[in-house]
Amino acid sequence: MTYPDVLEPIERATRAELDAHQEAALTAITRHAFENAPLVRQQWDAAGLAPSAIKSLADFVAKAPLIDKDDVRRFRDTHNDPSGGMSKLLPGETMSIGTTSGTTGDPTPVPSWIVAPSEIGYSRDIWHIGARPGDFLTHMLFTFRGGHRRRGNAQIGISEICYSIAPEEVARAVDGSLRFRPTVWSMCSTPVLLMLEGYFEKTGVDPIDVFSSYKGAIFGGEPLSGRLKALTDSWGFEMFETTSLGDVAGATECRMHDGFHAYEDIAFIEAIDPVTREPVADGEIGELVVTTLVDRMTPLIRYATGDLAIIDRRPCGCGRNHARFKVMGRASDQILVNGRSILPREIMGLVEVHSETRGALFQIVRTEREMATLRLRVGYDTARLSCTADALRLRLHDQITGALGVPLAVELIDEQELLKLGPPHKIPRVTKA
Ligand SMILES: [Zn+2]
């Protein structure tokens with residue numbers, strides 16, 4: 001049996017077809033949002049704007065008001081509305097409620113309809129990686145919108161073997177991999193890879209055998225570090241990074257590994273200058289702004305994500321014309337030390353090269369956007385310490401300050417203590433204290 005190389009025909013659309021599709025879909029979803037999402041109605045009324053005034057993509061970009069996470073939270077708190085003014089929650093329409101992970105604030109409830117938009121995207125990603133009907137998929141449950149419900153996989157004939165993200169589950173997932181020989185693992189994350197690495201070191205089980213049936217893994221939560229990329233390459237286990245597309249869907253790399261694909265029939269994406277809020281051209285860094293084209297439950301319209309990104313709408317080597325984007329970091333994570341811009345992803349590669357801190361568990365302590373000294377809190381594995389803690393601290397200090405060229409203060413902490421500061425198995429990379 002041979003299957004098509006893409007799951008859905010729209011994945012093969014030309015640029016002109018995508019543009020026409022988006023223009024029509026934007027008009028319709030904007031009208032729906034205005035009628036059903038009280039926050040959108042409030043913002044548009046305040047701007048003196050009606051959906052009928054939007055006649056083209058250019059009109060939309062020039063006129064539609066921006067919404068951000070603070071607007072949603074404020075509406076939620078002032079109106080006691082769990083959806084933050086994004087949905088009327090019609091009885092019988094809400095099929096499930098998940099939550100966001102809450103890394104940068106309190107978790108936000110996310111209602112969804114029969115199939116969540118993120119599931120449409122993940123089904124295509126999993127198909128692209130190579131899973132086909134009859135295959136097994138290792139599913140490690142991840143706190144993400146839509147919760148644990150993944151009807152999308154069942155609909156394309158793929159059976160999930162489910163585990164939670166916990167150290168004791170790693171042995172079961174390895175065992176399940178050897179017994180059922182799944183083709184895709186979703187989701188992988190930094191903590192999952194660290195648990196697997198520790199498991200293989202302790203047991204002597206051969207990772208190349210364990211992962212021999214896998215065509216890839218979806219990796220999310222934060223950027224894949226250089227060390228973990230090399231480690232998974234050595235296992236023959238290909239990582240496909242994924243990120244949230246501003247809460248309207250997910251966006252995952254294709255096998256070209258050259259940016260996250262935003263499916264343009266699911267979302268319209270643009271970038272704006274974070275300060276002036278004016279549009280920036282493709283290829284330039286700006287704050288990512290997303291509009292859902294399909295989500296009737298949470299019709300986010302021009303949602304400013306806080307992510308700094310570069311958009312590329314040129315055709316991709318994978319054969320698809322859907323836009324790609326690279327994420328540079330979160331605008332709110334950026335810190336200026338003596339005028340030099342620093343984002344957490346720069347620190348990751350510097351911390352993980354030391355044996356004791358190979359988990360790259362660190363936080364930037366950011367009390368102001370501009371600071372005279374970079375303050376880092378770094379977690380270390382007490383069992384791997386080969387010198388005094390102070391010697392390790394000095395080693396980290398000299399290497400990081402040498403690489404970044406800014407004054408630095410390093411605080412060391414047992415990584416188990418550091419892990420307690422965040423949601424399970426994930427720590428905020430930037431903290432105020
Ligand atoms: Zn591609």
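Student: In what sense do β4 and strand β6 pair, and over how many bridges?
Tutor: β4 and strand β6 (residues 184-188) are paired in the parallel sense over three bridges. Two strands count as paired if DSSP finds at least two bridges between them. Strands (E, at least two residues) and helices (H or I, at least four) are DSSP runs, numbered from the N terminus.

Student: Which residue is the bridge partner of Thr 138 in β6?
Tutor: Trp 185 is the bridge partner of Thr 138.

Student: And what about β4 and strand β5?
Tutor: Strand β4 (residues 136-141) pairs with strand β5 (residues 159-164) in the parallel sense, over six bridges. In β5, Tyr 163 is the bridge partner of Met 140.

Student: Where do these coordinates and numbers come from?
Tutor: This is a predicted model, in which local features need pLDDT of at least 70 and side-chain atom pairs count only at pLDDT 80 or more, while totals for chains, interfaces and linings use all residues. Residues are numbered from 1 along each chain as its sequence is written, and side-chain values use heavy atoms, with hydrogens and water left out.

Student: What pLDDT does the protein average?
Tutor: The average is 89, and 91% of the residues score at least 70. pLDDT is the predictor's confidence in each residue, from 0 to 100. Over residues 144-148 the pLDDT is below 50, and this stretch has 19 contacts in the model beyond near neighbours in sequence. Contact means heavy atoms within 4.5 Å. Where pLDDT is low, the predicted coordinates should not be read in detail.

Student: New topic. Which domains does the assignment give?
Tutor: The protein is assigned domain 1 (9-114 + 245-331), domain 2 (118-243) and domain 3 (334-431). Such bounds come from an automatic or database domain assignment.

Student: How many residues of domain 2 and domain 3 are in contact?
Tutor: 15 residues of domain 2 touch nine residues of domain 3. The area buried between these two domains is about 990 Å², with 52% of that given by carbon and sulfur atoms. Buried area is the accessible area (1.4 Å probe) that two parts lose on being put together, summed over both.

Student: Which residues in domain 2 lose the most area to domain 3?
Tutor: Glu 222, Pro 223 and Arg 227 do, together making up 40% of what that side buries.

Student: How many salt bridges are there across the interface of domain 2 and domain 3?
Tutor: The rule finds three across that interface. A salt bridge here is a side-chain nitrogen of Lys or Arg within 4 Å of a carboxyl oxygen of Asp or Glu.

Student: What's the count by this rule, then?
Tutor: The count comes to 32 salt bridges. Among them, Arg 12 pairs with Asp 5, with the closest N and O atoms 2.6 Å apart. Glu 169 and Arg 172 also meet in one (2.8 Å, N to O).

Student: Where do Glu 169 and Arg 172 lie?
Tutor: Both are in helix α7 (residues 167-180), three residues apart, about one turn of the helix.

Student: Back to sheets. What is the strand order in the sheet with β15?
Tutor: The order is β16-β15-β18, in an open sheet with mixed pairing. Since β16 (340-342) and β18 (370-371) stand at the edges with a single partner strand each, one side of each is left without a neighbour in the sheet. Strand β15 (residues 335-337) and β18 pair in the parallel sense over two bridges.
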